[in-house]
Amino acid sequence: MKKKMVLVLALTVFLVSCGTSLPPLYSIRSWAGSDHVKGRVKLREITVDKIAGTASLEEEARELVSMYLREEGYLPAGEGEDYLVDMILREREYITGWKTKRSLAADLRFWPGSLSAASPSAAPMPVSASRVVCTGEESLSSSKTLGKIIALAVKRGIRALEKNR
């Protein structure tokens, strides 16, 4: 009887200790290009406005914007593009009580491809634009958060673009 009790107790302790260790958090995403080409785009300016460490974020953001555009059927073009795409990502910190929170914003703009010689500021309005804002404790430094905010901005921008055609 004592052996059974010790065995059950040891097994319970073992199972509980193994069950409390959390697995690493993974976020896996894959992209498939669209068979239907809806347009050709040229990524122009991808800017990250954050306190520190923006160079690698700009590279990652550029790749993510390109992948999400491809997924929606907008392929990169060297010349003869239908649209020029600019994105600005911003991170601001503010204090609420004793906690530091962040406000993240992603602004995506589609400009007509005919502007490639001129600057976008010469155009009165972009063809389409989207803005995604979120607040909380997340940072643009998190690849998961960066991917989510860019995906939302691209999808909303394309939705507005296709609605205005």
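1. The side chain of aspartate 86 makes a polar contact with the side chain of tryptophan 111, at 3.0 Å, where a polar contact is a pair of N or O atoms within 3.5 Å; within protein, one atom must be able to donate a hydrogen and the other to accept it, and residues adjacent in sequence count only if both atoms are side-chain atoms. A polar atom of the aspartate 86 side chain also lies 3.1 Å from the backbone nitrogen of glutamate 45. Aspartate 86 belongs to strand S3 and is buried, with a relative accessible area of 9% (buried means under 20% relative accessible area, exposed over 50% and partly exposed in between, with a 1.4 Å probe and protein chains only).

2. Please read these values with the model's origin in mind: this is a predicted model, in which local features need pLDDT of at least 70 and side-chain atom pairs count only at pLDDT 80 or more, while totals for chains, interfaces and linings use all residues. Residues are numbered from 1 along each chain as its sequence is written, and side-chain values use heavy atoms, with hydrogens and water left out.

3. An open sheet of five strands, with mixed pairing, has the order S2-S1-S3-S4-S5; strands (E, at least two residues) and helices (H or I, at least four) are DSSP runs numbered from the N terminus, and two strands pair if DSSP finds at least two bridges between them. The edge strands, each pairing on one side only, are S2 (74-76) and S5 (128-136). From one strand to the next the twist averages 30 degrees, with axes being lines fitted to C-alpha atoms, for helices over the stretch in contact, and angles running from 0 to 180 degrees between N-to-C directions. Strands S4 and S5 run antiparallel and are joined by nine bridges, and leucine 108 stands opposite serine 130 in S5.

4. Helix H2 (residues 55-71) lies across S1 (39-49), S2, S3 and S4, and runs at about 150 degrees to S1. Helix H3 (residues 143-163) lies across S2, S3, S4 and S5, and runs at about 150 degrees to S5.

5. The structure holds three aromatic pairs. The rings of tyrosine 83 and phenylalanine 110 have centres 6.0 Å apart and planes at 90 degrees, so this pair is edge-to-face (ring centres of Phe, Tyr and Trp, the last by its six-membered ring, must lie within 6.5 Å; planes under 30 degrees apart count as stacked, over 60 as edge-to-face and the rest as tilted). The pair links distant parts of the chain, 27 residues apart, with tyrosine 83 in S3 (residues 83-96) and phenylalanine 110 in S4 (residues 99-112). Tyrosine 83 and phenylalanine 110 are both buried, and together with Tyr74 they form one aromatic cluster.

Note on methods: Contact = heavy atoms within 4.5 Å.
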